[in-house]
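Hi,

Here is the structure I promised to pass on.

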Amino acid sequence: MIVDTHCHLDAKDFDADREAVIARALEAGVSKMVAVGTGEGPPDLEAGVRFAERSDVFYATVGVHPHDAAKVTDDTLKRVRELAGHGRVIAIGEIGLDYHYDLSPRDRQRAVFAEQMAIAAEAGLPVVIHTREAWDDTFELIERHWKPAGRAGVMHCFTGGAAEARRSLELGFYLSFGGIVTFPKALEIQQAAREAPEDRILIETDAPYLAPAPLRGKRNEPAFVVHTAAKVAALRGVTAESVAQTTTANFRAAFGRAG
Ligand code: NI
């Protein structure tokens with residue numbers, strides 16, 4: 001039994017065989033999947049909730065990805081706030097900053113990130129963070145807008161080095177490892193996966209993106225999370241079962257509503 005704490009099952013990549021993908025995940029022992037609700041961006045904010053409402057296997061997040069920050073209106077934030085009260089929404093995310101693609105102006109990204117942290121704090125939910133080439137601003141905004149809430153958060157698809165790992169852990173965040181940790185050149189990420197405290201690691205696919213080795217380059221799907229678990233286990237010198245157990249317990253601790 002294992003949890004995929006981050007997947008985009010609504011993605012068009014799954015339109016042809018979504019049910020088979022879900023069946024394969026269950027067969028592979030993936031007992032829970034967190035359907036990330038960023039979808040195609042506003043106004044559609046129910047991309048994750050739709051899965052969570054169909055089966056107990058799914059939980060949902062709700063939020064606006066930094067790519068879509070420019071599309072946010074007052075109505076968008078009002079709807080995020082409403083959906084945060086949905087019983088199967090367990091986090092606000094993925095939210096954050098993406099200075100690699102810069103698909104929305106950076107000042108809009110920062111403002112929308114801060115506003116969504118405020119919604120999460122108000123709702124008593126953790127945040128799931130997407131950050132790319134924006135560590136400094138991400139930490140600064142978390143310090144200012146999230147730390148006072150004293151709640152947990154998740155660094156989704158953690159791709160930082162030792163310094164970013166340390167700072168994230170100090171801020172009470174979990175490090176969630178995705179397919180990239182299996183790539184031979186990802187030495188810094190592997191070091192973080194090896195050294196992070198046992199009670200602060202999570203695993204995810206981020207499907208359909210970034211499939212783990214030995215399936216690198218293929219479309220990713222939740223069933224493949226077992227490869228990421230195996231790699232994290234090898235790095236830490238423990239069994240894959242132990243990583244599955246640990247990360248499942250951590251999932252429950254990080255996402256209180258998923259207890
Ligand atoms: Ni994602």
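Let's start with the cysteines: this is a predicted model, and the number of disulfides in it comes to 0. A disulfide is a covalent bond between the sulfur atoms of two cysteines. To count as one here, the two sulfurs have to be within 2.5 Å. For C7, the closest cysteine sulfur is the one in C157, and at 13 Å that is too far for a bond. C157 is in no disulfide either, its nearest cysteine sulfur being that of C7.

Next, a pair of helices. Helix α3 (residues 74-83) and helix α4 (residues 106-123) have axes that come within 10 Å and cross at roughly 25°. Angles under 35 degrees count as roughly parallel, and α3 and α4 are therefore roughly parallel to each other. The crossing of α3 past α4 is right-handed. On the α3 side, L77, V80 and R81 make the contact, while α4 brings E115, Q116, I119 and E122.

Last up is helix α7, which spans residues 187-195. Which of its residues are buried? They are I189, Q190, A192 and A193. Looking down the axis of α7, you find these buried residues within an arc of 155°, so they line one face of the helix. Their cover includes α6 (162-170), β7 (173-177) and α8 (225-236).

Cheers

Notes
Residues are numbered from 1 along each chain as its sequence is written. This is a predicted model: local features need pLDDT of at least 70, side-chain atom pairs count only at pLDDT 80 or more; totals for chains, interfaces and linings use all residues. Side-chain values use heavy atoms; hydrogens and water are left out. Buried means under 20% relative accessible area, exposed over 50%, partly exposed in between (1.4 Å probe, protein chains only). Helices (H or I, at least four residues) and strands (E, at least two) are DSSP runs, numbered from the N terminus. The arc is that of the directions from the helix axis to the C-beta atoms. Contact means heavy atoms within 4.5 Å. Axes are lines fitted to C-alpha atoms, for helices over the stretch in contact, and angles run from 0 to 180 degrees between N-to-C directions. Angles under 35 degrees count as roughly parallel, over 145 as roughly antiparallel, 65 to 115 as roughly perpendicular and the rest as oblique. A crossing is left-handed if the near helix is turned anticlockwise from the far one by less than a right angle, and right-handed if clockwise.
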